[in-house]
Amino acid sequence: MQTPAQSSLWKTYLLFLAPMVLSNFLQSMSGTVNSIYIGQMLGTQALAAVSGMFPIIFFFIALVIGLGAGAGVLIGQAWGARESHMVKAIAGATLLLGVLIGLAAAVLGSVFAREALQGLGTPADVLDDAVAYARVMMWTLPVVLVYVLFTQLLRGVSDTLSPMLALLLSTVVGLALTPAFIRGWFGLPQLGIQSAAFAGLAGTLAAMAWLSWSLIRKGHPLAPDREFFAALRLDGAILGKVLRIGLPTGVQMIVLSLSELVILALVNQHGSQATAAYGAVTQIVNYVQFPALSIAITASILGAQAIGAGRLERMGPILRTGLWINVCLTGGLILAGYLLSHWLLGLFLTEDSTRAMAEHLLHIMLWSLLIFGFQAIIGGIMRASGTVLVPVGVAIICVLGVQLPAAYWLDGQFGLQGVWMAFPIAYLGMLVLQTLYYTRVWKHQKIERLV
């Protein structure tokens, strides 16, 4: 039987988590429906071309996610201490740095798009389409990265509803425009494989405009008002603390994205059919993995706010509640994924042989996302106190020292399915090492505010 304090924590978790999970669902649904549009209206080769771009985009988003994680911890602690001026200062410095990263990514990514895709081993029959799509996507990155970063900062003050509503608008606009650009409806130009990229940009701009208006109207602590713009400066002291937490997290995300590039290169060796299967499986995995990450983010923000408020006794209950929610939510999604996999994959794979391949690959690793969620939540709790180097080191070691060697070896032994066997092995290693560090070291350290 739950105590009143436990019931209150579950309620706090779910109120924070529900809009974030719905946001992840909308984000994943947008990517999935766009893949369905491309696969059904332009063909499997077009889907393969778009799928090959995902790890490159993720590479740049990863760095911004790391910055957002670092800033989110600092904002959470400042918000828990009721220091609204510090909240704006942290947000302003972080957003300006995000703008600079986005501009650099746009220039470098568009210039070297062909070389990057060739280096990944993108099949020759889809390379030109992949390059065309990549260049458009890279030029949209400054807007996309600022939007992603800003929504992360909002969560630091426990606002997950505004990002969800903004994403709803972005999704509706994007999904309406993608088929319109593909077919040239309403007098719009026919943009082919680039349709989803232009539609996504329009949706993001609409979401940012609405979000700015809504936050100003409500007098939100992160509303883009005069005081907020005055805080847009590269404050060395603040950015030093943001980077201390965020840079290791960003490095972790980049290593994960690089590992995905290696995995994709291995998959590409098996032909465009395997590349299309990879893209389809990634869509299903996102529906499970992103909610698991949302639980970890929630644990980290709630932990940071508890530290800021001087309520350290709440750290243990926050961790336990997060682990139980992972069992219920992530476990339920995994079960649904297994039961509905044939139908789900058939939504955007029209060839029976490709769908059968994708379904087999999905079944190999889907269960391990529960393990992934457990280790992410433990790492999130430790990140709330600014402890990032060891948790990040654990993840990097398991990816570089376990997953990639296992993927190469198992690919040689079992073919394409062997690549997917490496995911559960790496996630189990992460969970064991994260748990050992949490129980043997972190729990015995003194926890103090960072701001």
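Predicted model: local features only at pLDDT ≥ 70, side-chain atom pairs only at ≥ 80, totals over all residues.

Residues are numbered from 1 along each chain as its sequence is written, and side-chain values use heavy atoms, with hydrogens and water left out.

Begin by selecting Leu 222, Leu 369 and Trp 420, the residues with the most contacts inside the largest nonpolar core, which has 118 residues. (A nonpolar core is a set of buried Ala, Val, Leu, Ile, Met, Phe, Trp, Tyr and Cys residues joined through side-chain atoms within 4.5 Å; buried means under 20% relative accessible area, exposed over 50%, partly exposed in between, with a 1.4 Å probe and protein chains only.) Now colour helix α11, residues 272-308, which gives the most to this core with 16 residues. Helices are DSSP runs of H or I, at least four residues, numbered from the N terminus.

Next, pick Ala 113, Ala 130, Val 131 and Ala 134, which are among the 6 residues of a second, separate core.

Now for the salt bridges (a side-chain nitrogen of Lys or Arg within 4 Å of a carboxyl oxygen of Asp or Glu); the count is 4.

- Select Arg 233 and Asp 235: their side chains meet at 3.6 Å, N to O, and Asp 235 is buried at 17% relative accessibility.
- Select Arg 311 and Glu 313: their closest N and O atoms are 2.5 Å apart. Glu 313 is exposed at 51%, whereas Arg 311 is partly exposed at 40%.
- Select Asp 352 and Arg 355: this salt bridge spans 3.6 Å between the closest N and O atoms. Both sit in helix α13 (residues 352-365), 3 residues apart, so about one helical turn separates them.

Note on methods: Helix = DSSP H or I, 4+ residues; strand = E, 2+ residues; numbered from the N terminus.
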